[in-house]
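Here is a short tour for a reader new to this structure. Look it over, then follow the headings below.

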Amino acid sequence: MTFNSISYFIFLPAVFLVFHITADRYRWLALLISSYIFYGFLLKPSLLIVLAFVTIFSYYMGNRIDTAGNKENRKKLLFFSVAGNLAVLVYFKYLAFLVENLNILVGFLAPGAAIPEPAPLVSIALSFFIFQAISYLSDIYFGITKPEVHPGHFALYISFFPKLLQGPIERAESLLPQLRKPYEFHYTEIRSGLLLFVWGLFLKVVVADRLALFVDPVYNNVEAYTGIPLIIATYAYAFQIYFDFAGYTNMALGGAKLFGLNLTQNFRSPYLATSCADFWRRWHISFSRWILDYIFQPLQMKWRNLGKNGTALALFVTFLLSGLWHGASWTFIIWGLLHGVFLAASTYYKPYKKQLHKKLGIDNSRWLTIWQVIVTFHLVSFTYIFFRASSIEDAGHIIANILNIYSNYTEIKTIGISEFITKNILIGNRKIVAITLLLILSIILVVYKHRDESLFTKPVWFRWACYYSLFIIIVVLQISTKTDFIYLQF
Amino acid sequence: MIAEEIQRRMTEVLRDVLDNEAITLTRETTADDIEEWDSLAHISIIVAIENEFGIKFDLVDIKPLKNIGEFIDLIKRKTS
């Protein structure tokens, strides 16, 4: 049951009704049972055991860390509890990848020998709720938060269905206090939650899935293309992944609002970032804050005697792990490495860059900002080649051929412009005009903040015209092939 | 060392590390109030403050700090 499925459109209102008629002191239970039903019906009911294990283990260990007394014991318990959670993640998500790569080494050392490779396991949602459990345990260790007393509230904090599958990764101090408060019905909150939900659905099924029509044929068969189609598909993917994930996040935030809960906003116009560091302040915010707070900061602190080298190394390692988190494959690892290299490099040149801008008198120039936005967007789009490509070889082909416009020129000379467009840009799908229009629309949407509460101050006829238009657009323009959200695989 | 002195020197360090001369601090200021003070810049600021006051922090000391006031109190304890 994913957010863009019919069963969820029945499930969500049904849970809301049950939640609404339940006595306030049992509402957490209604949401907890619903969350377990939601997860159980997803793909693999056996994963419920993993969810329950992570919950019970982290609840117990949180209390142990808090009452451990001396610093050394606290540290040992934190290490044990984080290792326990990571062991679950590694077993489900990385074991097959580890054995596969170990076998390369084994084959090299002892030809003919091999470790039997385990079948890849389903690990849906695991990395999100395990990361949340680790943040809870670390925050107790650091004295940022106290352990949750109510086991039911804690279980709901880990499993609350709108954020279970793809986040946002919620901090204990942000979500747990909300779960403890009695629920109050606010019509305006419900209304803005519903609009946010429908808006997210629009971004997913109309915008992101439409862009995918253009990305998939090229990226699934890269050998057949050079130059322009590769460029367009890569740009289209940058917007597809944003609208896919932002769409999901809006649906998560909107759904949570129905129950009076506010989740963390994950995006802040990421493609308007003026540097890679700025990009990570705006993109998948709950995740980037997680890796910076729990991986980068401890590493930077440990290596602080190395000065800038220590910071650069800490960034490099952090983003390498971030790539690995996205998936057990070399393409994701290289994607993470590239971001690590960009950020590590910036620690060295940033001071000089500022000086240079000041010297040239352009440090407050609007043109400089525009230039920085364009450069950052292209650096990020470049990394997406690895993120989206099916293999390292495919990514290599794209990089080697993406700027080969000359081959397009010779092809146009041979077959003519209209045949070229049909073959390389329409690629058997006549929705190109709509795609282009939506691409432009998408860019406008990124630039202008879309969640404009001012809609609710407009006259009734205007508001309802907007609601109906959105509804009709979703029904008419949705892409009928059912696709999952991209981040579901992570 | 008196709190005012610590606060003045902290302000200088922050202005220097974050390259923003407009930064002013009160006891109630939090990292969220200063745009450039994010997770990426956090430890660089901590290390610059360590060097300024000739002290060493542990992550456990600095993570629970809620605002500049608590930070000043921590520096006061460490330097006394």
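## Domains of chain A

Domain bounds come from an automatic or database domain assignment. On that basis chain A splits into domain 1 (10-183) and domain 2 (189-489). The model is a predicted one. Taken over C-alpha atoms, the centres of domain 1 of chain A and domain 2 of chain A lie 27 Å apart.

## Where the two domains meet

How many residues of domain 1 of chain A are in contact with domain 2 of chain A? Domain 1 of chain A brings 33 residues, and they contact 35 residues of domain 2 of chain A. About 3,100 Å² is buried between the two domains of chain A. Carbon and sulfur atoms give 66% of that area.

Across this domain interface there are 13 residue pairs in polar contact, both residues at pLDDT 80 or more. Several helices of chain A each supply at least two residues of the domain 1 side, among them helix H1 (6-21), helix H4 (71-109) and helix H8 (172-180). H5(A) gives the most, with seven residues. By type, the domain 1 side divides into 20 nonpolar, eight polar and five charged residues. One salt bridge is found across the interface of domain 1 and domain 2 of chain A.

Arg171(A) and Asp293(A) also deserve a look. Their side chains meet in a salt bridge, 3.2 Å from N to O.

## Two residues of helix H8

Gln178(A) sits in helix H8 of chain A. Is Gln178(A) buried or exposed? Gln178(A) is buried, because its relative accessible area is 18% and buried means under 20%. A polar atom of the Gln178(A) side chain lies 3.0 Å from the backbone oxygen of Ser174(A). Residues up to four places away in sequence aside, Gln178(A) touches Gly260(A), Leu261(A) and Asn262(A).

Ala172(A) is also found in helix H8 of chain A. Its relative accessible area is 1%, so Ala172(A) is buried. Leaving aside neighbours within four places in sequence, Ala172(A) is in contact with Tyr136(A), Thr145(A), Tyr157(A) and Pro177(A). Leu137(A) is 35 residues from Ala172(A) along the chain, and their C-alpha atoms are separated by 9.3 Å.

## Where chain A meets chain B

The contact between the chains takes 20 residues from chain A and 20 residues from chain B. Together the two chains bury about 1,800 Å², with 57% of it on carbon and sulfur atoms. Which three residues supply more of the area that chain A buries against chain B than any other three? They are Phe142(A), Met301(A) and Arg304(A), with 34% of that area.

Nine residue pairs, both residues at pLDDT 80 or more, are in polar contact across the interface of chain A and chain B. Helix H11 (276-282), helix H12 (285-302) and helix H14 (330-360) of chain A each supply at least two residues of the side that touches chain B. H12(A) gives the largest share, eight residues. The chain A side holds nine nonpolar, four polar and seven charged residues.

## Salt bridges between the chains

Four salt bridges cross the interface of chain A and chain B. Arg281(A) forms a salt bridge with Asp38(B), and the closest N and O atoms are 2.1 Å apart. A network of salt bridges links Asp278(A), Arg281(A), Arg282(A) and Asp38(B).

## Salt bridges within a chain

Over all chains, the whole structure has 22 salt bridges. Arg388(A) and Asp216(A) form a salt bridge through their side chains, at 2.8 Å from N to O. Arg388(A) lies in helix H15 (residues 366-388) of chain A and Asp216(A) in helix H9 (residues 187-219) of chain A, so the pair ties together parts 172 residues apart in sequence. Arg388(A) is buried at 16% relative accessibility. Asp216(A) is partly exposed at 28%.

In chain B, Asp61(B) forms a salt bridge with Lys78(B), with the closest N and O atoms 3.2 Å apart. Asp61(B) lies in helix H3 (residues 59-62) of chain B and Lys78(B) in helix H4 (residues 68-79) of chain B, so this pair ties together parts 17 residues apart in sequence. Asp61(B) is partly exposed, with a relative accessible area of 23%. Lys78(B) is partly exposed at 34%.

Key: Residues numbered from 1 in each chain as written. Chains lettered and ligands numbered in written order. Predicted model: local features only at pLDDT ≥ 70, side-chain atom pairs only at ≥ 80, totals over all residues. Heavy atoms only, no water. Contact = heavy atoms within 4.5 Å. Buried area = accessible area lost by both parts, 1.4 Å probe. Polar contact = N/O pair within 3.5 Å; in protein donor to acceptor, adjacent residues only side chain to side chain. Helix = DSSP H or I, 4+ residues; strand = E, 2+ residues; numbered from the N terminus. Nonpolar A, V, L, I, M, F, W, Y, C, P; charged D, E, K, R; others polar. Buried < 20%, exposed > 50% of the residue type's maximum accessible area, 1.4 Å probe, protein only.
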